[in-house]
Amino acid sequence: MKFLALLPVLLLPSCIAPPPMPARQMAWQRQQGLSGILDRPAMGLGEIEGVAHRVARTSGLYVAGTIHQSYDTNGPLASIQAVSGGERISVNPRAAREVPLNAWAFIFGHEFAHQVYNFGHRGHTDPQQELRADIIGARYAMDAGYELRPYIRWMLSRPSHYTPSHGDLHWRAHELAKHYGVGR
């Protein structure tokens, strides 16, 4: 089993963490017709891990280690569990094959927001805390060069059902779009 340790960047020398991909480089990729690479599912856990590293740096965290695939295909898309020696990030194996790379940035941003602000851990959340994690996590992902509009469209394309802990996914997508002034 491999683990991911989330540590404040200030505790590590800057030479350990490679710099994030600048937003202008992401814009250049789109101008060159490469934007499709962000809209397609990952070609493996390595690509998902690269996204996690870029987004973690914008949140003030450093990811050490590799992504771990969960055993529960019906579980959450991604989760972070505290373990001895740090944090472990697990991704749903089905989601690893289906979720677009751009969406992974916002999913990780959401999970990192939970870690940084210490709200709503271990299933003890409410829809407002989940929306706060969406808003803060979206800022992390956008600062790493990913695009909000395609993520909101992706959220709205998924089935939505209400749960007491997470609320309604479509409501959260609309609130996220409203917060950032982004149309779908």
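## Ser79 in strand β4

Let's start with a strand: Ser79 sits in β4, which covers residues 78-83. Keep in mind as you look around that this is a predicted model. Is Ser79 buried or exposed? Its relative accessible area is 17%, and because the cut-off for buried is under 20%, Ser79 counts as buried.

Which residues does Ser79 touch, once its neighbours within four places in sequence are set aside? The contacts are Arg88, Ile89, Ser90 and Glu111.

## Where α5 meets α7

Now turn to two helices, α5 (residues 101-117) and α7 (residues 148-157). They pack with their axes 9 Å apart, at an angle of about 90°. That angle makes α5 roughly perpendicular to α7, since values from 65 to 115 degrees fall in that class.

Sorted by class, the contact between α5 and α7 holds seven nonpolar residues and one polar residue, with no charged ones.

## An aromatic pair between the helices

How many aromatic pairs does a search of the whole structure find? There are four. One of them joins Phe106 and Tyr151, with 4.7 Å from centre to centre and 10° between the planes, and this pair is stacked. The pair links distant parts of the chain, as Phe106 belongs to helix α5 and Tyr151 to helix α7, 45 residues apart.

Phe106 is buried, with a relative accessible area of 2%. Tyr151 is buried as well, at 7% relative accessibility.

Another stacked pair is made by Phe108 and Phe112. Their ring centres are 6.2 Å apart and their planes lie at 20°; the pair is called stacked because planes under 30 degrees apart count as such. Both residues lie in helix α5, four residues apart, which is about one turn of the helix.

Are Phe108 and Phe112 buried or exposed? Phe108 is buried, and Phe112 is too. Which residues do the ring pairs link into a cluster? Trp104 joins Phe108 and Phe112 there.

Technical notes:
Residues are numbered from 1 along each chain as its sequence is written. This is a predicted model: local features need pLDDT of at least 70, side-chain atom pairs count only at pLDDT 80 or more; totals for chains, interfaces and linings use all residues. Side-chain values use heavy atoms; hydrogens and water are left out. Axes are lines fitted to C-alpha atoms, for helices over the stretch in contact, and angles run from 0 to 180 degrees between N-to-C directions. Angles under 35 degrees count as roughly parallel, over 145 as roughly antiparallel, 65 to 115 as roughly perpendicular and the rest as oblique. Ala, Val, Leu, Ile, Met, Phe, Trp, Tyr, Cys and Pro count as nonpolar, Asp, Glu, Lys and Arg as charged, and the others, Gly among them, as polar. Buried means under 20% relative accessible area, exposed over 50%, partly exposed in between (1.4 Å probe, protein chains only). Contact means heavy atoms within 4.5 Å. Rings of Phe, Tyr and Trp (its six-membered ring) pair if their centres lie within 6.5 Å; planes under 30 degrees apart count as stacked, over 60 as edge-to-face and the rest as tilted.
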